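Hi everyone, thanks for coming. I'd like to walk you through one structure today, and I'll stop for a few questions on the way.

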Amino acid sequence: MSIKFKNVTKEYKTGTNSFYALKNVSFKANEGEIVAILGPSGSGKSTLLNILGEIDRATDGEIMFGDLNVSKLSDKELTKYRRNNVGFVFQFYNLIPNLTAFENIEVAAELTKSPLKIEEVLEAVGMLQNKNKFPQQLSGGEQQRISIARAIIKNPKLLLCDEPTGALDYNTSKEVLELLDKINKMYGTTIFIVTHNTSIASMCHRIIKLRSGQITDVKLNKERISPKEVEW
Ligand SMILES: Nc1ncnc2c1ncn2[C@@H]1O[C@H](COP(=O)(O)OP(=O)(O)OP(=O)(O)O)[C@@H](O)[C@H]1O
């Protein structure tokens, strides 16, 4: 799913003070891209991702998912849209502790219209042999693989990852990023990754840098031309 942000602003008001977490942010991403959002702490990365995932609303501006102007949808329409089209992966996995790996994915599958097969997704993330284990019986990297499986079970058009490797060591981080790359290729999922990890750049099609709520730089990775590079 292609994405377009046009002059997106997020303003927080406290009393008479106002603070802009995002100010006039405009960018595009083509369908099937992996996009990295980089920037220092407090620069607005998570705010951007949450607005993209419709778990937060912009104060101003326009957000297009393909031809659909999502900024115009009602809260109810947005929830429905998000449920079928957007998957989330967080830094701390957020798995349900008293459910097995399989059951954690099953819960997500039940919430969506036409889920993929749980076994197929477990296989894709390399976790079929661990399907009956509970989260505390799995390493951090394995838990993140299950949380990725849970996010992609609905075959979302858009996968949003907020610091997916933030709690993992170097090698495990590399494996999780390779898995996201594999999913992008297997399912054509558009993936946004918020990270502090600048070494991620080589696997991304597009790198967006934020500072103080504004975009300071957008780079296309020449080594990895977008699957559907189009002019906007
Ligand atoms: N509910 C809120 N009310 C007021 N200010 C907020 C609120 N949520 C976020 N902010 C502010 O907006 C700015 C951007 O926050 P955001 O979490 O998007 O940054 P970030 O780049 O993801 O940071 P980090 O890398 O530390 O997670 C921060 O200065 C933060 O304090």
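This is a predicted model: local features need pLDDT of at least 70, side-chain atom pairs count only at pLDDT 80 or more; totals for chains, interfaces and linings use all residues.

Let's begin with the fold: how many helices and strands does the protein have? There are six helices and 10 strands. The radius of gyration is 17 Å, close to the 17 Å from the globule rule for 232 residues, so the protein is as compact as a globular protein of that length.

Which helix has the lowest confidence, and which the highest? Helix α2, residues 75-85, is lowest with a mean of 87, while helix α3, residues 101-110, is highest at 96. For the complex, the predictor gives an ipTM of 0.95 and a pTM of 0.92.

Now to the inside. Buried residues make up 38% of the 232 residues. Looking at contacts with a separation of 6 or more, 70% of them are between residues 24 or more positions apart. The largest nonpolar core holds 58 residues, and the members that touch the most other members are Ala36, Ile37, Ala149, Cys161, Phe192 and Ile193.

Let's zoom in on one of those, Ala149. Which residues does it touch, leaving aside those up to four places away in sequence? The partners of Ala149 are Ile105, Val121, Leu122, Val125 and Met127.

Another alanine to click on is Ala29, which sits in strand β2. Is Ala29 buried or exposed? With 23 other C-beta atoms within 10 Å, Ala29 is buried, because 20 or more is the cut-off for that class. Not counting residues up to four places away in sequence, Ala29 touches Ser2, Ile3, Val35, Thr190 and Arg206.

Asn94 lies in the loop between β6 (86-89) and α3. With 13 other C-beta atoms within 10 Å, Asn94 is partly exposed. The C-alpha atoms of Asn94 and Ser147 are 53 residues apart along the chain and separated by 7.5 Å. From Asn94 to Ala29, 65 residues apart along the chain, the C-alpha separation is 28 Å.

Gln129 is in the loop between α4 (118-124) and α5. Gln129 has 9 C-beta neighbours inside 10 Å, so it counts as exposed. Between Gln129 and Ile96, 33 residues apart in sequence, the C-alpha to C-alpha distance is 19 Å.

Gly166 belongs to the loop between β7 and α6 (170-187), and it is partly exposed, with 15 other C-beta atoms within 10 Å. Gly166 and Arg224 are 58 residues apart in sequence and 24 Å apart in space, C-alpha to C-alpha.

Last, something for those of you who like backbone torsions. In general, most residues other than glycine have a negative phi. Two residues here have a positive one. Asn155 has a phi near 50 degrees, and it is found in the loop between α5 (140-152) and β7 (158-162). Asn155 is partly exposed, with 17 other C-beta atoms within 10 Å. Ser212 has a phi near 45 degrees. Where is Ser212? In the loop between β9 (206-211) and β10 (214-220). With 14 C-beta neighbours inside 10 Å, Ser212 is partly exposed too.

Methods: Residues are numbered from 1 along each chain as its sequence is written. A nonpolar core is a set of buried Ala, Val, Leu, Ile, Met, Phe, Trp, Tyr and Cys residues joined through C-beta atoms within 7 Å. A residue is buried if 20 or more other C-beta atoms lie within 10 Å of its own, exposed if 12 or fewer, and partly exposed in between; C-beta atoms are placed from the backbone. Two residues are in contact if their C-beta atoms, placed from the backbone, lie within 7 Å. Helices (H or I, at least four residues) and strands (E, at least two) are DSSP runs, numbered from the N terminus. pLDDT is the predictor's confidence in each residue, from 0 to 100. The radius of gyration is taken over C-alpha atoms; the globule rule is 2.2 Å times the number of residues to the power 0.38.
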